[in-house]
Amino acid sequence: MARIASRRKAYTAAEIDALVKKAGGGKTINDGAGLVLRQRNAKWLWYFRTTSPETGRDLWISLAPRNPYPATTLAAARQLAARHRISADSGIDPNEEKKRA
């Protein structure tokens, strides 16, 4: 998977828009703190990437899969990711919590 953008400072909504417009297929944009915008099947989807507190394996948690970018804004994706980050930091597997909801 080709990575087109990653940096320490979080992107603005305008910067995300510009990166999406210039990107080709199969790209990812890492906003930092585990929030990733990834192109899959011609749609841009938000993911929260973390490590499972139970297994230590990488987890990719889809955020709002029925509402791809730009329907789910950068601000909304950050809020969703923050909820999952709190779970992970508390030792709860965010995927398991998502299944129970």
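Start by selecting Trp46: in this predicted model, Trp46 is buried, with a relative accessible area of 1%.

Now look at the two rings together. A pair of aromatic rings is described by the distance of the centres and the angle of the planes. For Trp46 and Tyr69, the centres are 6.0 Å apart and the planes stand at 80°, so this pair is edge-to-face. Trp46 belongs to strand β4 (residues 43–51), while Tyr69 lies in the loop between β5 and α2, so the pair ties together parts that are 23 residues apart in sequence.

Next, select Tyr47 and Trp60. Their rings make another edge-to-face pair, 5.9 Å centre to centre with 75° between the planes. Tyr47 is buried at 9% relative accessibility, whereas Trp60 is partly exposed at 32%.

Then move to strands β2 and β3. They pair in the antiparallel sense over four bridges, and Asn30 stands opposite Val36 in β3. Click on Ala33 in this hairpin to find a positive phi near 55°. Five of the six residues of β2 (residues 27–32) are buried, so the strand is largely enclosed by the rest of the structure.

Finally, zoom out and colour by secondary structure: the chain has three helices and five strands, running β-α-β-β-β-β-α-α from the N terminus.

Technical notes. Residues numbered from 1 in each chain as written. Predicted model: local features only at pLDDT ≥ 70, side-chain atom pairs only at ≥ 80, totals over all residues. Heavy atoms only, no water. Helix = DSSP H or I, 4+ residues; strand = E, 2+ residues; numbered from the N terminus. Buried < 20%, exposed > 50% of the residue type's maximum accessible area, 1.4 Å probe, protein only. Pairing = 2+ DSSP bridges. Phe/Tyr/Trp six-rings, centres within 6.5 Å; stacked < 30°, edge-to-face > 60°.
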